[in-house]
Amino acid sequence: MTMLDKANSLKDQLIAWRRDIHMHPELGFEEQRTSRLVAESLREMGIEIEVGVAETGVVARIGEGRPAVGIRADMDALPIQEANDVPYKSRTPGLMHACGHDAHTSMLLGVAKLLNDMPDRPAGEIRLLFQPSEEKWRREDGHSGGSLMVEEKALDELDAVIACHVASGRPVGEVRVCDGFSMAAPDVFEAKIIGEGTHGATPNHGLDPIWLQAQVVNALQAIRSRRRDPTERSVVTVGTIHAGIADNVIPNELVMTGTIRTFEQEAREEIHRLVAEAFALVRHFGGDYELNISTGYPSLYNDPGVAALIRRVGADLLGEDRSGEGEPIMAGEDFAYMTQKAPGAMMRLGAQLDELNRPHHSPIFDIHEGCLPIGVGVMAESALRLLRQHGG
């Protein structure tokens with residue numbers, strides 16, 4: 001019996017866990033109920049746990065000593081009102097599991113069940129990392145759940161660490177793992193452009209900050225198209241622009257925000273500099289500006305050896321045509337902190353529900369629950385092979 005066969009026997013339980021968590025979403029560092037569900041489920045399995053890690057996280061250990069392999073799942077939801085009409089719809093107004101963290105948590109509980117019950121498990125430790133707050137980066141101390149788990153030594157002495165992320169736009173059961181950089185470093189810029197307000201009928205009597213931002217946006221868009229290597233993977237996006245209170249009034253100032261996405265550190269630093277240059281244009285026209293660029297998560301780097309092992313597991317369990325290399329994407333992921341601590345990789349697991357476009361962070365996001373035992377089987381088997389590999 002393969003690990004996938006064993007995982008399929010847990011399908012009903014996996015769905016029950018996932019739906020329970022989905023109906024009770026909690027934001028980052030507030031996952032009290034979810035943590036209790038995880039802790040109680042693990043205790044029922046007879047697994048050693050530590051609660052309160054990174055505030056609301058749970059760490060569980062199966063086996064002991066070296067080698068040691070970590071498996072991570074994130075637990076937090078998003079501030080989105082769910083629009084799906086399903087029996088397991090969110091019961092908390094304004095909150096929703098719109099990125100699949102409910103699935104990740106249920107799958108890791110399934111991995112715990114399989115590996116804890118395995119009589120001939122290889123020597124060493126499987127460390128289960130139920131992480132809070134992947135979506136929320138706390139500005140006051142610069143932490144997300146992943147970075148805080150690393151700081152609190154939850155990943156110390158790991159030989160490898162792996163994770164799974166569902167992909168709502170890919171066929172169910174498809175496994176894709178990139179080598180090297182796979183997800184971008186997501187930075188945020190916030191700026192105020194300062195002009196001089198006046199009547200809309202006499203723009204020459206003031207300095208229009210809306211016109212000033214048009215020059216800035218044009219310069220920002222030229223960073224990728226004219227200032228950087230066109231083959232480089234990076235992006236600068238303006239997300240919000242707010243100004244004015246009336247159609248016939250030119251405002252004094254304008255506020256705008258956006259994101260910078262890069263993989264390489266050199267590109268990250270250089271694009272920060274070029275963004276500042278773009279905003280400096282307003283001073284040429286007599287205006288002024290304030291700019292703050294907040295550095296977010298690092299880019300996610302998949303260790304090629306770990307990535308290849310997961311792809312091999314996927315091919316062995318699912319077939320050669322359903323497992324392979326993926327393409328890097330510009331979304332961010334704080335699992336990146338963990339792969340800086342130990343060699344690791346994140347696989348993307350196909351989870352497409354139907355023909356509707358159900359993108360991540362959308363009010364109609366949802367997954368096909370048939371992906372759950374597949375994720376469990378691939379992660380459990382990958383962890384075992386990593387133990388054997390590092391155990392010599």
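Predicted model: local features only at pLDDT ≥ 70, side-chain atom pairs only at ≥ 80, totals over all residues.
1. Salt bridges overall. The structure contains 33 salt bridges. Side chains of opposite charge can pair when their charged atoms come close.

2. Arg 66 and Asp 159. These two residues form a salt bridge, with 2.9 Å between the closest N and O atoms. Arg 66 sits in the loop between β2 (57–64) and β3 (68–74), while Asp 159 sits in the loop between α5 (145–151) and β5 (160–167), so the pair ties together parts 93 residues apart in sequence. Asp 159 has a relative accessibility of 18% and counts as buried, because buried means under 20%.

3. Asp 156 and Lys 341. The loop between α5 and β5 also holds Asp 156. The side chain of Asp 156 meets that of Lys 341 in a salt bridge, at 3.4 Å from N to O. Lys 341 belongs to helix α9 (residues 335–341), so this contact ties together parts that are 185 residues apart in sequence. Asp 156 is partly exposed at 25% relative accessibility. Lys 341 is partly exposed as well, with a relative accessible area of 42%.

4. Arg 227 and Glu 277. Here the salt bridge has its closest N and O atoms 3.3 Å apart. Arg 227 lies in helix α6 (residues 209–227) and Glu 277 in helix α7 (residues 265–284), so the pair links two helices through residues 50 apart in sequence. Arg 227 is partly exposed, with a relative accessible area of 46%, and Glu 277 is partly exposed at 35% relative accessibility.

5. The largest pocket. Rolling a probe the size of a water molecule over the atoms shows where empty space is left. The largest pocket holds about 890 Å³ of space. It is lined by 33 residues, of which Glu 135, Arg 261, Ala 331, Gly 332 and His 361 are the closest to its centre.

6. The pocket lining. Two or more lining residues come from each of β5, β8 (185–194), β12 (253–262) and β16 (344–350). How many residues of the lining are nonpolar, polar and charged? The lining of the largest pocket has 11 nonpolar, 10 polar and 12 charged residues.

Technical notes. Residues numbered from 1 in each chain as written. Heavy atoms only, no water. Salt bridge = Lys/Arg side-chain N within 4 Å of Asp/Glu carboxyl O. Helix = DSSP H or I, 4+ residues; strand = E, 2+ residues; numbered from the N terminus. Buried < 20%, exposed > 50% of the residue type's maximum accessible area, 1.4 Å probe, protein only. 1 Å grid on protein atoms, 1.4 Å probe; cavity = no way out; pocket = protein on both sides within 12 Å on 5 of 7 lines; lining within 4 Å. Points joined across faces, edges and corners; volume = space filled by probe spheres on them. Nonpolar A, V, L, I, M, F, W, Y, C, P; charged D, E, K, R; others polar.
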